[in-house]
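Trainee: Hi! I'm new to this one, could you walk me through a few spots?
Mentor: Happy to, let's bring it up.

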Amino acid sequence: MNLAKPVKFGVMHDGKTIDIMGALLPEKTGKHDTWKAEFTVRRPGIYTFFMEPVPYWESSEDCFIVHYTKVVVAAFGDDEGWVNQ
């Protein structure tokens, strides 16, 4: 499945949200359109990366679907409190 450019892409750290949409670069994975980004972690802590994709039509369910995505990264061994992210 091709991935259109997301609506939102960011990272939450230390109570702040950082918009990193500008870091997204188009890429191909096999024959599919995808996106990649680089982000440098400078301090220990919990970083929650999130993406809101463009909704897509799923005809078998007769509705639009959005799969919100997140990944939690415990940087530099600081893994306290990530469960609440």
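Trainee: What do β1 and β2 form, and how many residues are between them?
Mentor: They form a hairpin, with two residues between the strands. In the turn, Asp14 has a positive phi of about 55°. Keep in mind that this is a predicted model.

Trainee: In which sense do the two strands pair, and over how many bridges?
Mentor: Strand β1 (residues 8-13) pairs with strand β2 (residues 16-19) in the antiparallel sense, over four bridges.

Trainee: And which residue in β2 is the bridge partner of Val11?
Mentor: That would be Ile18.

Trainee: New topic: Thr34. Where is Thr34 found, and is it buried or exposed?
Mentor: Thr34 sits in strand β4, which covers residues 32-36. It counts as buried because its relative accessibility is 18%, and the cut-off for buried is under 20%.

Trainee: What does the side chain of Thr34 make a polar contact with?
Mentor: With the side chain of Thr29, at 3.1 Å. Setting aside neighbours within four places in sequence, Thr34 is also in contact with residues including Leu25, Pro26 and Glu27.

Trainee: Okay, what about Val54, where is its place?
Mentor: In the loop between β5 (45-52) and β6 (56-58). Val54 counts as partly exposed, with 37% relative accessibility.

Trainee: Which residues does Val54 touch, not counting those up to four places away in sequence?
Mentor: Val54 touches Ala4, Lys5, Val7 and Ile65. Also, the C-alpha atoms of Val54 and Pro6 are 5.7 Å apart, while the two residues are 48 residues apart along the chain.

Conventions. Residues numbered from 1 in each chain as written. Predicted model: local features only at pLDDT ≥ 70, side-chain atom pairs only at ≥ 80, totals over all residues. Heavy atoms only, no water. Buried < 20%, exposed > 50% of the residue type's maximum accessible area, 1.4 Å probe, protein only. Polar contact = N/O pair within 3.5 Å; in protein donor to acceptor, adjacent residues only side chain to side chain. Contact = heavy atoms within 4.5 Å. Pairing = 2+ DSSP bridges.
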